[in-house]
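Subject: Structure handover

Hi,

Here is the structure for you to look through. My notes follow below it.

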Amino acid sequence: MNQFESKQSQPKLNTHEGWVVQVYGSDRRLLWVLEPSHGWIFAIGCGVGLLIAIIWMNVARYSPPLEPVPPTELPALRVD
């Protein structure tokens, strides 16, 4: 009688397995796939882009202007 009272074991979650998100259209065609490497590449790209933007802003702040700055005051007129 004890054989019917056996407890079913829960499936174990293996955290070492990868994951994939697949999106299908209404006609059951694969539209796109999102893998972990895509997420890592996106995160690295955002970090590199932020680093380049910060460096660019710091370089632009300390570089001389491209055009000479016109004088703010007009020279005095010489009258004979």
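What does the accessible surface of the protein chain come to, and what percentage of it belongs to carbon and sulfur atoms? The surface is about 8900 Å². Carbon and sulfur atoms hold 63% of it. Keep in mind that this is a predicted model.

Overall layout:
The protein chain has 1 helix and 2 strands. Their order from the N terminus is β-β-α. Of the 80 residues in the chain, 0% are buried.

The loop between the strands:
Strand E1 covers 21–24 and strand E2 covers 30–34. Arg28 sits in the loop that joins them. Its phi is near 65°. That is a positive value, and the residue is not a glycine. Is Arg28 buried or exposed? Arg28 counts as exposed, because its relative accessibility is 76% and the cut-off for exposed is over 50%.

The nonpolar patch:
Which residues make the nonpolar surface patch? They are Trp19, Val21, Leu31, Trp32 and Leu34. E2 gives the most to it, with 3 residues. Leu31 lies in that strand, E2. At 53% relative accessibility, Leu31 is also over the 50% cut-off, so Leu31 counts as exposed.

Best wishes

Terms used. Residues are numbered from 1 along each chain as its sequence is written. This is a predicted model: local features need pLDDT of at least 70, side-chain atom pairs count only at pLDDT 80 or more; totals for chains, interfaces and linings use all residues. Side-chain values use heavy atoms; hydrogens and water are left out. Helices (H or I, at least four residues) and strands (E, at least two) are DSSP runs, numbered from the N terminus. Buried means under 20% relative accessible area, exposed over 50%, partly exposed in between (1.4 Å probe, protein chains only). Patches are made of residues with over 30% relative accessible area and no salt bridge: like charges are joined within 9 Å, nonpolar side chains (Val, Leu, Ile, Met, Phe, Trp, Tyr) within 5 Å. Accessible areas come from the Shrake-Rupley method with a 1.4 Å probe; for residues, only the protein chains shown count as cover. A salt bridge is a side-chain nitrogen of Lys or Arg within 4 Å of a carboxyl oxygen of Asp or Glu.
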